[in-house]
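This briefing goes through one protein chain, topic by topic. Look at the model first, then read the points with the structure beside you.

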Amino acid sequence: MKNFQTAKREYILHILSAATCTIFFQLYMVAPLIPALSAYFNTSEQTIGLMVPAYLIPYGIATLFYGLLADRIGPKRIILTSLLAFSILTALTAFSKSVNQLIFWRFITGIGASGVVPIALAWIGQTYAFEERGRPLGWLFGAMAGGGAFGSSVGVMLEPFIGWKMLFIGVATAGVFIWIILYRAYLKIKIPTVTKPVLTVSIVFNGYKQLLSSGRGKTAYAYVLLNAIFHAGVFTWLGLYLEKSFGLNGMQIGLALLGYGIPGFLFGPFIGKLADKFGRKKLLPLGLGLSALSAFILIFNIPLGVAAFAITILSLGYDLTQPLLAGIITQVGKERSGQAMSLNVFMLFIGFGLGSYLFGLALKLSLMEAFIIFSIFQAGLSLLAITLFKTEIRTGSLSKEAVSVSH
């Protein structure tokens with residue numbers, strides 16, 4: 001019976017990874033479509049571009065509420081409801097008749113979609129022991145990376161052939177298909193029973209205060225935010241970099257960006273196993289350092305092949321940091337995993353928004369100077385991480401976990 005439950009747990013992990021990949025595919029496919037949508041709606045690219053923050057900001061805020069609900073009613077209902085809402089709202093986006101409608105549906109979709117990924121992360125925290133959590137987290141973050149990689153490239157390449165409407169409908173169809181499989185899987189597995197906490201304003205506030213009260217919690221959440229600022233800032237403007245530096249068109253940019261997400265897509269579970277085996281104290285500074293190096297390489301006058309390699313290194317740096325930080329947070333917030341992971345995703349998406357905005361401000365100097373500023377920023381985070389995460393070793397028992405609770 002135990003082996004059956006373990007097999008079903010792995011099955012659900014893979015389905016949740018597919019759902020995560022689909023959600024991040026549609027997230028990353030939008031930005032490259034801005035020129036096509038601008039022409040379709042006969043409006044400026046700046047106006048169409050509002051659909052990006054219109055999705056990200058409500059997504060980040062809504063995760064805080066989904067986490068609380070998950071702690072109250074369990075992750076199963078939240079994930080199923082959110083995935084179905086994402087599928088329906090994504091399909092409705094394809095029927096937008098104006099820019100305002102398009103932005104509205106993206107806003108609502110952000111709210112609807114944000115209950116899947118953070119609660120799936122919380123489910124891992126409830127279902128897997130800390131010493132084996134890296135691999136399943138690697139699956140989910142690998143799915144995010146793969147969705148981002150294929151969304152930013154495949155979407156823009158398919159649009160001239162099937163149109164932007166069919167892209168949204170196709171994603172929605174995939175979402176419904178995954179929902180059906182997940183619903184049937186949930187019927188056949190025993191979901192772990194968790195204590196349902198009483199929720200009041202003071203309890204919720206104290207819950208977030210507790211998550212941020214320990215040195216370990218403060219450090220992990222701060223690095224989620226700061227690392228997201230760096231990665232979103234650099235990635236958002238890679239299209240401009242490739243256009244200005246190499247004169248690439250939209251489809252060529254999509255191909256050049258394909259390397260972003262491939263390491264996590266292919267090696268996410270393996271990276272997670274490395275974290276489980278060797279701990280996070282070495283891998284986190286390494287990932288931050290590789291990220292800084294990738295941005296530094298882009299400063300110079302380099303061939304396109306080298307730039308594409310640097311973009312792949314940038315992706316690897318992300319895969320060696322955010323999944324590992326999520327693993328720490330699942331342990332920091334093990335008593336309220338939904339609230340803990342919702343705060344994690346909130347920090348992540350707020351960082352994404354800030355990073356894109358701050359890099360845009362740095363562009364007033366120049367593109368290369370913006371890369372210099374961000375690479376120095378990330379290098380500093382890498383050096384600090386050597387000290388701040390020195391206690392993050394592999395923990396095989398509760399007694400060992402207690403050793404690394406504080407810095």
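Met-166 is found in helix α8, and the structure shown is a predicted model. The chain has 19 helices and 0 strands. Of its 407 residues, 55% count as buried.

**The chain as a whole**

- The accessible surface of the chain comes to about 17,100 Å², and carbon and sulfur atoms account for 70% of that surface.
- Among contacts in the chain with a separation of 6 or more, 84% are between residues 24 or more positions apart.

**The nonpolar patch and Met-166**

- Six residues are listed in a nonpolar surface patch of about 590 Å²: Leu-158, Phe-161, Ile-162, Met-166, Met-251 and Leu-255.
- Two helices, α8 (134-187) and α12 (250-256), each supply at least two residues of this patch.
- The helix that gives the most to the patch is α8, with 4 residues.
- Met-166, one of the patch residues, has a relative accessible area of 43% and is therefore partly exposed, since that class lies between the 20% limit for buried and the 50% limit for exposed.

**The largest pocket**

- The largest pocket has a volume of about 1,500 Å³.
- The pocket is lined by 43 residues, and the closest to its centre are Ala-31, Pro-32, Ile-34, Val-52 and Thr-236.
- Helix α17 (residues 337-362) gives the most to the lining of this pocket, with 8 residues.

- Met-51 is found in helix α4, which covers residues 51-73.
- Met-51 counts as buried because its relative accessible area is 0%, and buried means under 20%.
- Not counting residues up to four places away in sequence, Met-51 touches Val-30, Leu-37, Leu-102, Ile-103 and Arg-106.
- Met-51 and Phe-107 are 56 residues apart along the chain, while their C-alpha atoms are separated by 7.6 Å.
- Ser-375 lies in helix α18, which covers residues 367-388.
- With a relative accessible area of 4%, Ser-375 is also buried.
- Leaving aside neighbours within four places in sequence, the contacts of Ser-375 are Phe-230, Ala-292, Ala-295, Phe-296 and Ile-299.

**A mostly covered helix**

- Helix α16 (residues 322-332) has 10 of its 11 residues buried, so it is mostly covered, buried meaning under 20% relative accessible area.
- The buried residues of α16 run from Gln-322, Pro-323, Leu-324, Leu-325 and Ala-326 to Gly-327, Ile-328, Ile-329, Thr-330 and Gln-331.

**The salt bridge**

- Side chains of opposite charge can pair when their charged atoms come close.
- The count for this chain comes to 1 salt bridge.
- In that salt bridge the side chains of Glu-10 and Arg-9 meet, at 4.0 Å from N to O.
- Both Glu-10 and Arg-9 are buried.

**A loop residue with positive phi**

- Asn-42 sits in the loop between α2 (34-41) and α3 (45-48).
- The phi angle of Asn-42 is near 55°, which is a positive value in a residue other than glycine.
- Asn-42 counts as exposed because its relative accessibility is 72%, and exposed means over 50%.

**Two residues with partners further along the chain**

- Ile-88 is found in helix α5, which covers residues 75-93.
- At 45% relative accessibility, Ile-88 counts as partly exposed.
- Ile-88 and Thr-109 are 21 residues apart in sequence, and the distance between them is 8.7 Å, C-alpha to C-alpha.
- Gly-305 is found in helix α15, which covers residues 304-319.
- Gly-305 has a relative accessible area of 51% and is therefore exposed, the limit for that class being over 50%.
- The C-alpha atoms of Gly-305 and Ala-256 are separated by 8.7 Å, and the two residues are 49 residues apart along the chain.

Conventions:
Residues are numbered from 1 along each chain as its sequence is written. This is a predicted model: local features need pLDDT of at least 70, side-chain atom pairs count only at pLDDT 80 or more; totals for chains, interfaces and linings use all residues. Side-chain values use heavy atoms; hydrogens and water are left out. Patches are made of residues with over 30% relative accessible area and no salt bridge: like charges are joined within 9 Å, nonpolar side chains (Val, Leu, Ile, Met, Phe, Trp, Tyr) within 5 Å. Accessible areas come from the Shrake-Rupley method with a 1.4 Å probe; for residues, only the protein chains shown count as cover. Buried means under 20% relative accessible area, exposed over 50%, partly exposed in between (1.4 Å probe, protein chains only). Contact means heavy atoms within 4.5 Å. On a 1 Å grid over the protein atoms alone, a cavity is a set of points where a 1.4 Å probe fits but cannot get out, and a pocket is an open set with protein on both sides within 12 Å along at least five of seven lines; lining residues have an atom within 4 Å of a point. Grid points are joined across faces, edges and corners, and a volume is the space filled by probe spheres set on the points.
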